Structures are given as structure tokens and as C-alpha cells.
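Here is a note for a colleague who is opening this entry and would like a guided reading of it. The points below are numbered so that each can be checked against the coordinates in turn.

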Amino acid sequence: MTHVLTPDHVTNHGLSALGPKVTSLDPRLRIVLTALFAIVTVALSHLGALTLALLLSMTLLTVSGLPARKTLKRMAMMDSFIIFMLVLLPFTMPGTPIFTLWGVEASWEGLWRAVEIGLTANAVILMVLTLTGTMEPVTLGHALHALKTPERLVHLIMFTIRYIDVLREEYMRLRTSMKLRGFRPGTNWHTYRSFGYLVGMMLVRAMERSERILAAMKCRGFSGRIILLEEFRLRRSDISFAVLFALALVALVLIEVTHGAA
Amino acid sequence: MALLELNDIHFAYPGHDPVLSGASMQLNAGERLSIVGPNGAGKSTLLKIIMGLLPPTSGQMTAFGKPCRVEGDFHEVRRRIGLVFQDADDQLFCPTVAEDIAFGPLNLGKSKAEALEIVDRVLTQIGLMRLRDRVTHKLSGGEKRLISLAAVLAMEPEVLILDEPTNALDPENYARLIDILQGLDQSILLVSHDPEFRAKIAPEGYQLVKGVLTRL
């Protein structure tokens, strides 16, 4: 979903510019496996098992043929959200002290917990990027629908995909017209007020547009249900991939159970 | 028999001056009429009343020989009259072209296979089969316009209502639109400021001034 505005003009999931190998898998399967992987990884606490989970994500990344650097950069972006928590954790958790900084003690327990969270987060996010992030957003919507996600949520995704660009264009047009009339943002009331107007105008336009869209839908016989066309089929390669993936997950759980208790 | 008949329609948006004050018109089978009038004269409002999106304050609208008053009466009207909106972005709301064209037929209870068949037929008819699997928001303005027409044609309407169809069309798509429309056998009600386009599609019609329709 990170590429909502892909340059791709084609929705066929076999032609996605990114991840040529992963994209041949059934999108439903990719979502389910990602979810399973996330659940298992979050439940792990043994550092060895977590490292293996991260390795599994990494391996899949290399196999998938995704541009590794770009994907890792995306992963690092997520890290920037949690970095402060990770850095502060050793200082906030009580336990065996490692060292003291300005009178605050860092604990081993806190450090290990930080490592654990870091490994979990990165392993999961990398798997999400590799397996589901490579999907065309439209395909994701269809796959979620096929997985019996509530229709309203699926329609929300579909409408978002469809109109995010229209809204962005509207924003750009308004912004350009502001610029053309000499508007330069600064730290003053005029700027705040102008941006307020901009946001307000976008809300009003979005509201009006939604009414026009509903009218157009009614004119074509809309009665509360949108029927989606796409159908998915599991192939042999999907099944063998799923089996391998499940085995890896079982191995992770086994490591956790045999070593984690200690 | 008149396909569409408006009789003494009055309408005002709450808190504003009346937009329509006694508008009457008639569209017969096979007829192609245009409606002209200055900006804000109430042309779009008139179309909304025809489609049952706005209820008139008073007056009667009859479609296919039946009076239409409540929402339920208009389900039939919307199946048999196709309205092409002024802004194609309002109409194309599905992510892909094929899905958007299939939306109407699916609502009419067609199966997926039938709907896809209609999609292919309509796209072939307007010569845009190459756009079938494209993402709608990435089409050019002209392509969007033609696809929104295709989406309406997919419902096989008996009457086609076009609201400013030549907006944002380049000469090539303009010519193509004229070609397509001239090849159709539906009755047409056209709202357009473009005299050349009107002359080619629907030279006769009504003028909407001060809330009243007068025959040109």
C-alpha cells in the first residue's frame, strides 16, 4: 500500500513493476501468510527465534527480486517512529544496571526488551513490504474482499484508491492558484488562515463531490452493494509456497517453546 | 408516445429564488433535442429532476407513460434513461475501466460473465478496447469522458442525457464522440454550450430562460 500512486497503468498483478516473483502468488495467500507471520512473530520472545524471523523476512526479500535498498529504506522509515521508545526503554525498565547516565540507570532487561521489540517490528514490517506491499492497491482491495473482509471496509479502500489522486490534484490546483497570486507561507496569521481556508475548501469540495458521485451511482442503479469482478485461484506454486512458509513458522514456534522458557 | 414529459415543473433550492418556474417539455422516441441557456439557468437542476435526484416543488414528470413521484418510480427511469455527468471524475468511481462499465449491468442483476460480455461489447463499439484494464484515474480527460459514456451505454438506455459532453475534449476525442453519438439509435437530450456540437447532434431543442423552457 506504500505505492498508492504507482506509475503503473495496468492493474494486472502479474505485471507489477516491483517484486516480479512474489507477485505471481495468489494475493489472498500473501495477505493470510503475512498476517500469520505477524501473529507468530509478535508472540515470540526468544531472541534467537526473533533473529530467525528477521532472517526469514530478509531471505524472502532477496528471493522476491525486490530492490533491496529501496525496501530497506522503507523499513528504516518505520524504525524512525519507534527509535525514541527503543532508546528510552533501557532507562525506564528497572533491573540489573549496565551503566548510569546523568544519574539515570540503564538496565540489561530494558536493553533486551528494546532489542526484542526492534527485531519483531522489523521482521514484521519487512514481511508486509515484501508480501503485501508489492500488491497493486486495487488487487489488495479485491483480495480483502475475497477473504470476506466487511464490504464497507473494502469499498472504503476502493474509494480511497480511486479518489486520492483527484483530491491531490484539487489540492495542487488550489495551491498553484495561491502561489500565482503571490502567496508565500510564513509564520504568521495570514498563512495559518490561508491554509485553513485551503483545508476547508478541500473538505467542502470533497463533500460536494461525494454527493455527485452518489448521484451518478444512483443513476446507474446503485442500491447499496458494489459487486466486484475479480476472481482468484490457488495454483500449485501457491500451495507449495504456503507449505514452506508454514513449516518455517512452525520451526520458529518450536524454537520459542524449547528455548524460550529458559 | 412521449418518452419523457415535463409538465409545469417548479423548483427552488431552499432559501433561494426559484430556478424553474413552470418548465414544460416533451421528448419523443427517436427525437434528439438540446437544451440551451445561460450559466446557472437551471439546466443541470432540470436534469437532476428528470433523474429523480431532486424532487420538484410542484409539477409533474412522466417517463415512458408513467408518472414519477417517489424514489421507487425512478428506479425504472434510471434504468431506461442514461445520464452522462458533466464531470467524468464523478461518474467513474471504480478503480478500473472494466469494473466501472460493469457496475451498471451488475446493479441490473446481470451475472459477472454477462457483465464482462457487455463491457467488451461496449468498448468495442466505441473503439476503446485498449483501455479495458486501465486504472480510471490515470486516463486522460478525453478518455475519461468517453469511458463515462460507455459506462452509461452499458445499461442499454433508451434515452441518453448528456450534460456538457464536450467539456475538456481535444479535437480527436471530440470527433470520436460525434462519431459515436451519430452511430447510436437512442433518443438524446443534450445540454451544451457548443453550437457546432449541437448542430451535429441535436439541432432542435429548447431554451431555458428565467425558469421556463421555450421551443427554439
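1. In this predicted model, helix α1 (residues 27–43) of chain A and helix α4 (residues 108–132) of chain A pack at an angle of about 175°, with 10 Å between their axes. Angles over 145 degrees count as roughly antiparallel, and α1(A) and α4(A) are therefore roughly antiparallel to each other. On the side of α1(A), the residues that meet α4(A) are A:Arg30, A:Ile31, A:Leu33, A:Thr34, A:Phe37, A:Ala38, A:Thr41 and A:Val42, while α4(A) contributes A:Thr120, A:Ala123, A:Val124, A:Met127, A:Val128, A:Leu131 and A:Thr132. Sorted by class, the contact of α1(A) with α4(A) has ten nonpolar, four polar and one charged residues.

2. Chain A has eight helices and two strands, and from the N terminus on its elements follow the order α-α-α-β-β-α-α-α-α-α. Of the 262 residues in chain A, 40% are buried, and its accessible surface comes to about 15,200 Å², with 69% of that belonging to carbon and sulfur atoms. Among the contacts in chain A with a separation of 6 or more, 71% are between residues 24 or more positions apart.

3. Chain B deserves a corresponding description. Its secondary structure comes to eight helices and ten strands, and buried residues make up 58% of its 216 residues. The accessible surface of chain B is about 8,800 Å², of which 50% belongs to carbon and sulfur atoms. Where contacts in chain B join residues at least 6 apart in sequence, 66% of them join residues at least 24 apart.

4. The interface is the next topic. Between chain A and chain B, 32 residues of chain A are in contact with 33 residues of chain B, and the two chains bury about 3,100 Å² between them, 60% of it on carbon and sulfur atoms. Which residues of chain A lose the most area to chain B? They are A:Arg162, A:Arg220 and A:Leu229, which together account for 30% of what the chain A side buries.

5. One of these residues, A:Arg220, can be followed in detail. A:Arg220 lies in the loop between α7 (189–219) and α8 (236–260) of chain A, and is buried, with a relative accessible area of 2%. Once its neighbours within four places in sequence are left aside, A:Arg220 is in contact with B:Gln91, B:Phe93, B:Asp100, B:Phe103, B:Gly104, B:Asn107, B:Ala151 and B:Met155.

6. Just after α4(B), B:Gly109 takes a positive phi of about 90°.

7. B:Glu156 has a positive phi of about 50° although it is not a glycine, and is found in the loop between α6 and β7 (159–163) of chain B. B:Glu164 likewise is not a glycine and has a positive phi, of about 45°; its place is in the loop between β7 and α7 (171–182) of chain B.

8. The last point returns to chain A.

Terms used: Residues are numbered from 1 along each chain as its sequence is written. Chains are lettered from A and ligands numbered from 1 in the order in which they are written. This is a predicted model: local features need pLDDT of at least 70, side-chain atom pairs count only at pLDDT 80 or more; totals for chains, interfaces and linings use all residues. Side-chain values use heavy atoms; hydrogens and water are left out. Helices (H or I, at least four residues) and strands (E, at least two) are DSSP runs, numbered from the N terminus. Buried means under 20% relative accessible area, exposed over 50%, partly exposed in between (1.4 Å probe, protein chains only). Contact means heavy atoms within 4.5 Å. Accessible areas come from the Shrake-Rupley method with a 1.4 Å probe; for residues, only the protein chains shown count as cover. Axes are lines fitted to C-alpha atoms, for helices over the stretch in contact, and angles run from 0 to 180 degrees between N-to-C directions. Angles under 35 degrees count as roughly parallel, over 145 as roughly antiparallel, 65 to 115 as roughly perpendicular and the rest as oblique. Ala, Val, Leu, Ile, Met, Phe, Trp, Tyr, Cys and Pro count as nonpolar, Asp, Glu, Lys and Arg as charged, and the others, Gly among them, as polar. Buried area is the accessible area (1.4 Å probe) that two parts lose on being put together, summed over both.
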